[in-house]
Amino acid sequence: RSIANWLLRRRQLSPFGACVNRRGGASAALLTDESAPDRHSLDRHVGLLYRPEEADWQAVTRHFCRPELVRLFDTLGQRALMVRRPALEIGERLAEHAGDGRPCLRFVLYGRRGSGKSLQMGHVASACRRRGWLLVTVHNAHLWMRHSRELHESAHRPGMFDTAGYGCIWLRHFYAMNQEILPGLRVTKELSWNAKESTPAGSSWKEVIDYALARPRYSCAAVQFLIDEIKLGSLPMPTLVCFEVANCLWWHRSGIKNDAIRRTPLQGEEPPWRADITAKQLTLLDAFKQLLDSDWNNGAAVMSVSPQGALFDRLREWMPRKLLGDEGFAYLDPFVPVYVEPYGPAEMSNMLNWYTESGWLTSEAAATDAGRAELAFLSDGNAGELLRIAGEW
Amino acid sequence: MTPTGKLLLLSGLARRLLAAPSNHSLAAAGYSNSSSSNSSDVWSIGEGGVDDAGAASVSGRRGASSRRAGFAGYSAADVAAAAAASNTAGFRSLVVPGLTKEAAKPPLLRSRHPLTPRCGRMKPAHSSWPSVWPTARTFHPAAVPLPVRQGRPNNATENAGISPNKWGNTELIKVPNFLHLTPAHVAAHCAAIKHLCTPWPKALDEPGVIDKQLPLRVVTTDYLRSHHSIRDIRARRVDLSLCLDRLVKLDKRSLEKLLCLVSFSNFAKVDTQFVGSSRVRHLRMWSDRCPWRFQNYDYLIYALSALYSQSLRHESWESGKAWIDNQRYEFDGSSSQKKLAKLANKPATNAVTHYRNALIKLHRQPENGGTGETHDSLRQYGRAVEFLLGIGKGGGGGGGGPVKKLDASSAQQAGQTKRTTERQAAS
């Protein structure tokens with residue numbers, strides 16, 4: 001009896017255990033009408049697909065998706081995202097225990113590449129946006145460390161480097177994401193850009209962002225000032241920080257060299273020894289790292305760790321402690337690690353049904369039991385792999 | 001075949017060739033074979049002795065000249081007669097060494113065929129191989145009664161396409177041979193020194209006794225190399241292993257210092273094995289830095305003594321050891337412990353214990369008692385953090401428990417309080 005139970009349980013847990021449909025072949029995809037992520041609940045909506053609203057998609061969720069997924073939705077003309085357990089659990093914790101003067105909670109999503117960490121973060125982010133939170137999201141930190149755009153020595157933080165280009169891009173993205181909230185926010189103290197120019201206290205955040213976009217040289221300083229404001233904890237709404245590939249903040253390599261500035265050394269100054277400029281010396285990344293600390297109230301941080309953050313090192317590891325290292329782990333400790341699992345049998349079945357219905361899976365073999373089992377086996381439950389493989393069927 | 005037999009054969013051959021060529025020019029000139037038989041410088045093979053030879057000798061002279069005719073075509077007597085004839089005219093005959101066909105040289109007394117194989121000629125006194133080949137010596141084809149071949153012909157015409165045999169084979173001489181170490185040799189050596197040996201102690205056959213009595217284990221390897229040099233560079237390596245429990249007088253601090261010193265060395269490591277529930281640690285060292293094996297062994301003994309004595313010795317500056325120098329993860333003194341002080345709500349004692357245990361399990365590797373980073377240890381850590389921070393399914397504030405152990409009474413009490421206040425507000 002115990003062996004039979006073990007086999008049954010194994011079949012339930014394996015991704016292709018339930019793909020063999022009793023009725024034979026594909027069946028209808030299970031969609032939920034609930035398109036608001038903050039109203040998804042653990043007991044009703046897990047494993048179902050939902051259609052995000054247009055406004056949510058354009059403002060928030062689109063940025064968390066890979067370009068391939070965005071192109072897929074454009075091709076098919078419809079969007080459907082799966083409601084999964086990790087995002088709902090985090091959402092539940094945030095709803096109960098974050099905000100209202102409580103210290104910052106940290107969640108670290110981990111899982112294999114393609115398992116869906118960014119999309120889970122997107123679900124949490126859009127749920128928080130609907131609740132009226134302020135969103136601070138960083139998607140491309142590891143790319144900011146690979147190439148430098150308008151790199152120059154920082155004036156507001158001597159000894160570090162500004163990447164003005166990325167600062168401007170992020171400010172525009174931040175504004176687009178929080179358009180409804182930002183006009184109501186005011187700066188509490190005077191921001192001095194340089195000896196002559198300053199923005200007075202009480203001006204709106206939009207003015208600060210506009211100034212920085214007009215003067216790109218001060219874009220990283222603007223980001224730092226805004227983050228200081230957030231950390232004061234005096235905003236009327238809680239803040240959610242989403243950071244993809246957070247482990248690159250503690251990585252020892254980068255694609256930017258310290259002689260990228262290419263200026264002649266001053267009198268009496270030695271030219272710098274050629275070395276990588278890591279995230280510790282980049283003001284933009286250091287500013288976001290301050291947001292991941294636990295010393296501020298009225299907010300939460302959700303981040304993911306990925307081997308993509310291990311620049312110039314083909315790591316096969318995806319566990320958080322190995323990717324973060326001693327330093328990163330000590331910085332983020334105590335945090336809650338959240339594992340994004342591969343698809344279970346029900347999720348896999350639902351996903352295959354939707355791909356068949358929407359027309360992504362075109363071959364006849366994909367509708368048969370054997371074909372679905374093969375798809376499940378080839379992708380091994382990995383969402384990204386399934387997307388890529390299903391494109392060939 | 002005996003020489004006599006060869007004579008018979010030749011005489012038989014001669015008799016068949018007895019019909020001498022008659023169209024000989026010299027014969028036509030009047031010189032017959034019989035007259036030439038008078039010359040005394042005709043050799044014959046073995047005159048006298050056996051009857052057959054005697055019979056041959058009677059017709060031997062005649063036969064000899066005929067034999068000559070059969071072999072050479074011109075007889076020496078004919079040449080001499082021609083020379084004598086031409087001498088009368090005053091001309092000497094031209095004799096060019098090498099071109100002029102001279103009388104065939106007599107065959108050697110010794111036969112050109114090799115001797116019979118030695119195995120047919122060996123006497124019983126020499127039938128013990130160790131007495132024939134007592135020590136290591138260069139290969140000798142006549143002494144070794146084996147049909148050994150060595151070498152490879154380049155094509156099918158060289159040596160008829162087969163490997164050259166042992167006679168005059170320099171390759172066989174160059175390579176080392178072990179003909180002085182056959183099982184017969186080994187048996188003889190062992191028999192000779194057996195009276196000097198004592199029997200193997202039976203008690204050592206029981207499992208575990210050898211490790212207890214002789215804790216130091218030295219491993220060396222010998223290599224056989226088929227090359228122009230039989231030496232192998234790997235033979236110098238010596239491995240030494242020792243169970244750490246056998247090192248006496250090592251207290252906790254000394255053991256930790258030993259592990260630290262070993263972790264810095266590139267010739268030693270500590271292996272941990274779990275036998276049942278107990279942990280067994282072996283110190284393993286190796287050395288191939290010296291050219292000779294005994295030098296490497298001496299070096300390892302020295303290194304082991306140095307490691308042991310230095311780990312027993314505690315210097316004053318060792319008190320400056322920092323948290324990061326610990327051999328295994330320690331919660332006391334870590335940044336996680338310092339962060340507990342910065343928490344907004346002071347956490348309960350059992351929450352801190354859960355947190356500490358989870359961190360130890362996550363950070364320590366299996367040989368130090370932890371699990372390392374696994375899904376289970378991460379999940380346990382997450383639950384401990386939720387308990388510490390008061391989030392999760394246990395309820396708000398600091399009153400929650402870890403997910404599995406739900407403090408039902410406190411939750412119910414909180415719920416009841418809430419309901420009563422609502423009712424009061426409503427009324």
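A:Lys289 is placed over the face of A:Tyr331, 5.7 Å from the ring centre; a charge counts as sitting over a ring if NZ of Lys or CZ of Arg is within 6 Å of the ring centre and within 35 degrees of the ring normal. In chain B, the charged end of B:Arg137 sits over the ring of B:Trp133, at 4.7 Å from its centre. This is a predicted model, in which local features need pLDDT of at least 70 and side-chain atom pairs count only at pLDDT 80 or more, while totals for chains, interfaces and linings use all residues. Residues are numbered from 1 along each chain as its sequence is written, chains are lettered from A in the order in which they are written, and side-chain values use heavy atoms, without hydrogens and water.

Rings also pair with one another. Over all chains there are 26 aromatic pairs, that is, rings of Phe, Tyr and Trp (its six-membered ring) with centres within 6.5 Å, stacked if the planes are under 30 degrees apart, edge-to-face if over 60, and tilted otherwise. A:Trp354 and A:Tyr355 make a tilted pair, with 5.8 Å between centres and 50° between the planes. A:Trp354 is buried at 1% relative accessibility, and A:Tyr355 is buried at 3% (buried is under 20% relative accessible area, exposed over 50%, partly exposed in between; 1.4 Å probe, protein chains only). B:Trp323 and B:Tyr329 are edge-to-face, at 5.8 Å and 85°; B:Trp323 is partly exposed at 34%, whereas B:Tyr329 is buried at 10%.
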